[in-house]
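Here are a few exercises to work through with the model open beside you. Try each task before you read its solution.

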Amino acid sequence: MAPPDPALLSLNTATVRAQWNLRQMIEGCARHGIRGISPWRDKLAEYGAKEAKRMIDANGLTVTGLCRGGMFPAADARGRKAAIEDNLRAIDDAAVLGAHCLVLVVGGMPQGSKDLAGAREMVRDGIGTVLDHARGAGVPLAIEPLHPMYAADRACVNTLGQALDLCDELDGRASGALGVAVDVYHVWWDPELARQIERAGEKRILAFHICDWLVPTTDLLLDRGMMGDGVIDIPLIRSWVERAGYRGFHEVEIFSANNWWRRDADEVLAMCKERHQSAS
Ligand code: ZN
């Protein structure tokens with residue numbers, strides 16, 4: 001497997017969120033020759049979407065995604081309505097940024113609930129409710145299936161196949177308005193992965209997120225590894241998304257409270273560049 005095109009590297013702001021604000025991240029990407037950026041909304045809120053867009057354009061970066069919308073299930077109608085309104089705001093911000101997609105972390109079960117099927121229905125209904133607004137704004141929605149360890153509290157969509165079933169149901173003609181984010185951390189274990197990536201195809205793969213699965217993993221959320229430090233065959237999975245027609249960015253997204261968030265952020269970016277070439 002030949003190394004990837006270095007121009008396809010993108011920085012998800014989660015990777016250095018402990019060290020830098022959004023302006024520092026944008027300038028850091030420009031300094032290191034990283035051409036894509038994918039902000040989380042907490043970082044976007046530091047400047048607002050318009051000012052962020054101005055800074056991103058001034059540094060010649062592409063916004064490969066906005067993280068995140070979703071979190072649709074709630075215990076009552078008021079909570080679900082608030083979630084819809086929050087998603088509409090996220091879509092508008094993504095439009096201002098010219099983001100390639102809005103990533104959806106769809107949400108788990110409402111507190112106290114054991115109704116997993118019901119939560120999944122709320123997710124389907126929630127995405128269905130905001131899809132027209134997203135289409136009108138020109139912002140594709142990318143459903144990100146999360147590893148099943150998050151099914152209760154973060155995302156009850158847990159496999160690529162399940163995410164694609166939602167796409168089929170809500171956007172059967174594959175218009176490009178709804179697709180998936182393939183994050184190797186969440187889907188690497190799935191015996192169906194190769195087949196589901198092929199099924200997704202070029203039209204439905206909207207983002208490709210990379211990092212690594214460490215053995216042992218010491219925290220369910222905040223112990224992701226740098227590419228090459230764990231057990232995921234990232235070049236193999238990249239070969240599958242490329243065979244499916246995906247030509248977009250490779251977004252490094254590393255939540256790492258005890259390692260990468262404690263290092264100098266310039267060192268982290270330099271390592272992202274190196275491992276993108278040697279282990280992705
Ligand atoms: Zn991701």
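Before you start, one cut-off: a residue is called buried when its relative accessible area is under 20%. Keep in mind that this is a predicted model.

**Exercise 1. Find out how strand β7 is covered, and which strands it pairs with.**

Step 1: Go to residues 178–183, which form β7, and check the cover: six of the six residues are buried.

Step 2: V182 has F208 in β8 as its bridge partner.

**Exercise 2. Work out which protein donors the zinc ion has, and why their arrangement counts as irregular.**

Step 1: List the donors: E144 (OE), D183 (OD), H209 (ND1) and E253 (OE), at 2.1 to 2.2 Å from the zinc ion.

Step 2: Read their order along the chain, which gives the spacing E-x38-D-x25-H-x43-E. E144 is in the loop between β6 and α6 and E253 in the loop between β9 and α10, so this pair links parts of the chain 109 residues apart.

Step 3: Check the angles. Four donors count as tetrahedral if all angles lie between 85 and 135 degrees. The angles here run from 85 to 148°, and the arrangement is therefore irregular.

Step 4: Ask how covered the two glutamates are. E144 is buried because its relative accessible area is 3%, and E253 is buried because its value is 2%.

**Exercise 3. Describe the start of helix α9, its buried residues and what follows the helix.**

Step 1: At the start of α9, a side-chain oxygen of D233 comes to within 3.2 Å of the backbone nitrogen of L236.

Step 2: Along the helix (residues 234–243), pick out the buried residues: I234, I237, R238, S239 and V241. Their packing partners include β7, β8 and α10 (265–279).

Step 3: Past the helix comes G245, with a positive phi near 110°.

**Exercise 4. Is G69 buried or exposed, and what is it in contact with?**

Step 1: Locate G69 in strand β4 (residues 66–70). G69 counts as buried because its relative accessibility is 1%.

Step 2: Set aside neighbours within four places in sequence; the contacts of G69 are then N87, L102, V103, L104 and V105.

How values were computed:
Residues are numbered from 1 along each chain as its sequence is written. This is a predicted model: local features need pLDDT of at least 70, side-chain atom pairs count only at pLDDT 80 or more; totals for chains, interfaces and linings use all residues. Side-chain values use heavy atoms; hydrogens and water are left out. Buried means under 20% relative accessible area, exposed over 50%, partly exposed in between (1.4 Å probe, protein chains only). Helices (H or I, at least four residues) and strands (E, at least two) are DSSP runs, numbered from the N terminus. Two strands pair if DSSP finds at least two bridges between them. Contact means heavy atoms within 4.5 Å. A polar contact is a pair of N or O atoms within 3.5 Å; within protein, one must be able to donate a hydrogen and the other to accept it, and residues adjacent in sequence count only if both atoms are side-chain atoms. Donors are N, O and S atoms within 2.8 Å of the metal (3.2 Å for Na, K and Ca); water is not among the atoms, so sites may look incomplete. Four donors count as tetrahedral if all angles lie between 85 and 135 degrees; four count as square planar and six as octahedral if opposite donors are over 155 degrees apart and all others between 65 and 115; anything else is irregular.
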